[in-house]
Amino acid sequence: MTDHKFPHNFLWGAATAAYQVEGAWNEDGRGESIWDRFSHMPGNVSNGDTGDIACDHYHRWEDDIALMRRIGLKAYRFSTSWSRVLPTGRGGVNLKGLDFYDRLVDRLCAANIEPLLTLYHWDLPQALQDEGGWDNRSTAYAFADYTALMVKRLGDRVKYWTTFNEPSVISYIGFLTGEHAPGVKNQRMAYQVAHHLLVAHGLGVQTIQAVKPDVNAGIVLNLWPAEPASDSAEDVAAADRYWNEQETLFLDPLFKGHYPPSVYNMVGKDMPKIHDGDLALIAQKLDYVGINFYSRNVLSAKGKLEKIEGSEYTEMGWEVCAPALRRMLVKINSEYELPPIILTENGVAFNDEVGADGNIHDPRRIDYLKNHFIQTRLAMLDGVDVRGYMVWSLMDNFEWGHGFSKRFGLTYVDYITQKRIIKDSGKWYAEVIRRNEVSD
Ligand code: FCB
């Protein structure tokens with residue numbers, strides 16, 4: 001047995017996002033968001049599920065902090081709902097919404113849990129969507145104003161600020177496949193949205209630094225490494241091509257100051273409108289970068305492989321391959337000048353059930369997390385500067401287009417009674433945090 005010891009100040013945490021857990025969609029003055037509109041339209045979400053109630057976290061937040069304490073979390077990553085604090089996206093502030101986040105942050109600090117705040121985890125105010133949403137450049141300026149409001153109110157206690165969660169999912173799934181809100185299928189728009197998100201990120205970082213120079217500003221990217229099916233030159237080339245086309249649209253402008261050449265070729269006439277100075281605005285120095293990792297793509301010269309012989313697959317249909325995480329961290333660390341990394345999401349959906357003894361026995365999730373923790377530690381020993389790890393998720397929640405059918409939590413949620421039960425994996429994670437090491 002080997003013990004993998006982590007640095008003493010390593011930030012062990014768990015993550016959620018506003019729309020996935022809060023509920024209270026129309027309470028206390030909250031405005032409508034694009035996810036309310038999208039989920040209320042039949043056919044968009046499995047089983048007709050919506051985030052109207054979700055985990056009822058808006059009312060149960062104190063119990064949820066108690067849950068975090070039981071697991072011993074050192075950090076909690078959450079997002080704020082823009083339309084809860086600015087119901088129409090700009091202008092009039094909803095003080096009740098702002099007070100909610102103020103109390104949450106206060107109580108986290110009192111519990112010695114570091115808050116990591118994400119300003120945008122996909123829930124644009126519907127009023128801004130009605131004016132064109134992210135296709136309209138003015139949304140980026142509205143985002144900067146919203147950022148200023150939040151940093152002024154919470155920046156004395158929140159030290160980690162994230163502008164955007166997974167801009168590639170917003171662009172590709174929201175605007176290319178249409179499986180996420182606002183459900184658009186339009187290539188021109190998808191790339192224009194991507195650019196406006198990056199502009200909004202740049203403006204957001206400037207705002208954060210102007211309002212509170214001593215806090216940390218970053219962005220969260222999801223990355224799926226593209227790996228070759230064999231060592232053949234053709235497969236390796238196919239994997240490289242796939243990585244360049246799928247994964248560098250945000251990495252390159254953020255950390256190299258230009259769009260990747262592969263994207264110019266792919267996008268052709270749909271290249272977004274870019275203003276002078278945009279690329280410098282986008283490529284500002286960050287204090288950290290968040291990486292979300294779940295799985296990888298495997299490529300052969302013939303294309304993407306659907307199933308890898310001998311591999312385990314999750315409820316999402318994603319291959320389990322922890323060593324790919326280490327390889328990817330090492331790769332991006334050598335190809336880009338990156339700030340310190342926080343793994344802002346990693347976790348797994350399995351078909352969890354409450355056992356006869358009232359507990360949730362989820363050994364496969366324990367294995368998954370254990371192997372990913374170890375691969376992260378090995379990457380750190382390879383020289384990658386990883387400062388923290390947020391497991392997705394603190395609790396089962398509304399998994400976007402899949403509704404409540406996919407359970408990612410360290411805690412089981414009974415959506416009828418809203419009862420929470422810490423799964424075996426949550427108890428195991430508590431031990432990892434307490435010992436600050438993982439054994440294999
Ligand atoms: C990520 C999202 C997060 C959650 C996980 C499973 O793409 O950021 O909200 O849905 O996937």
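Guide: This is a predicted model.

Visitor: Which residues make the contact between helix 3 and helix 5?

Guide: Helix 3 contributes His57, Tyr58, Trp61, Glu62, Ile65 and Met68, while helix 5 contributes Lys96, Phe100, Arg103, Leu104, Arg107 and Leu108. By class, seven of the residues in this contact are nonpolar, one is polar and four are charged.

Visitor: What makes helix 7 roughly parallel to helix 9?

Guide: Helix 7 (residues 138-154) and helix 9 (residues 187-211) pack at about 30°, and their axes are 8 Å apart. The limit for roughly parallel is under 35 degrees, so helix 7 counts as roughly parallel to helix 9. The crossing of helix 7 with helix 9 is right-handed. On the helix 7 side the contact includes Ala140, Tyr141 and Phe143, and on the helix 9 side it includes His196, Val199 and Ala200. The contact of helix 7 with helix 9 has 11 nonpolar, four polar and one charged residues.

Visitor: Why is Asp52 called partly exposed?

Guide: Buried means under 20% relative accessible area, and exposed means over 50%. Asp52 has 22%, which lies between those limits, so Asp52 is partly exposed. Asp52 sits in the loop between helix 2 (34-39) and helix 3 (57-71).

Visitor: How do you know that the side chains of Asp52 and His40 make a polar contact?

Guide: The distance given for this pair is 2.7 Å, and the cut-off for a polar contact is within 3.5 Å. Leaving aside neighbours within four places in sequence, Asp52 also has Tyr19, Gly23, Ala24 and Trp25 among its contacts.

Visitor: What makes Asp56 buried?

Guide: Its relative accessibility is 13%, and the limit is under 20%, so Asp56 counts as buried. Asp56 is in the loop between helix 2 and helix 3. Asp56 has a positive phi of about 55°, although it is not a glycine.

Visitor: Why is Ala24 called buried?

Guide: Ala24 has a relative accessible area of 5%, which is under 20%, so the word buried applies. Ala24 lies in the loop between helix 1 (18-21) and helix 2. Phi of Ala24 is near 45°, a positive value in a residue other than glycine.

Visitor: How do you know that Trp400 is buried?

Guide: Trp400 has a relative accessible area of 3%, again under 20%, so Trp400 is buried. Trp400 is found in the loop between strand 12 (386-392) and strand 13 (411-413). Beyond four places in sequence, the contacts of Trp400 include Tyr19, Gln20, Trp35 and His180. Trp400 and Ser39 are 361 residues apart in sequence, yet their C-alpha atoms are 8.6 Å apart in space.

Visitor: Why is Ser83 called buried?

Guide: The relative accessible area of Ser83 is 0%, which is under 20%, so Ser83 is buried. Ser83 lies in helix 4 (residues 82-85). Not counting residues up to four places away in sequence, Ser83 touches Arg30, Gly31, Glu32, Ser33 and Pro125.

How values were computed: Residues are numbered from 1 along each chain as its sequence is written. This is a predicted model: local features need pLDDT of at least 70, side-chain atom pairs count only at pLDDT 80 or more; totals for chains, interfaces and linings use all residues. Side-chain values use heavy atoms; hydrogens and water are left out. Helices (H or I, at least four residues) and strands (E, at least two) are DSSP runs, numbered from the N terminus. Buried means under 20% relative accessible area, exposed over 50%, partly exposed in between (1.4 Å probe, protein chains only). Contact means heavy atoms within 4.5 Å. A polar contact is a pair of N or O atoms within 3.5 Å; within protein, one must be able to donate a hydrogen and the other to accept it, and residues adjacent in sequence count only if both atoms are side-chain atoms. Axes are lines fitted to C-alpha atoms, for helices over the stretch in contact, and angles run from 0 to 180 degrees between N-to-C directions. Angles under 35 degrees count as roughly parallel, over 145 as roughly antiparallel, 65 to 115 as roughly perpendicular and the rest as oblique. A crossing is left-handed if the near helix is turned anticlockwise from the far one by less than a right angle, and right-handed if clockwise. Ala, Val, Leu, Ile, Met, Phe, Trp, Tyr, Cys and Pro count as nonpolar, Asp, Glu, Lys and Arg as charged, and the others, Gly among them, as polar.
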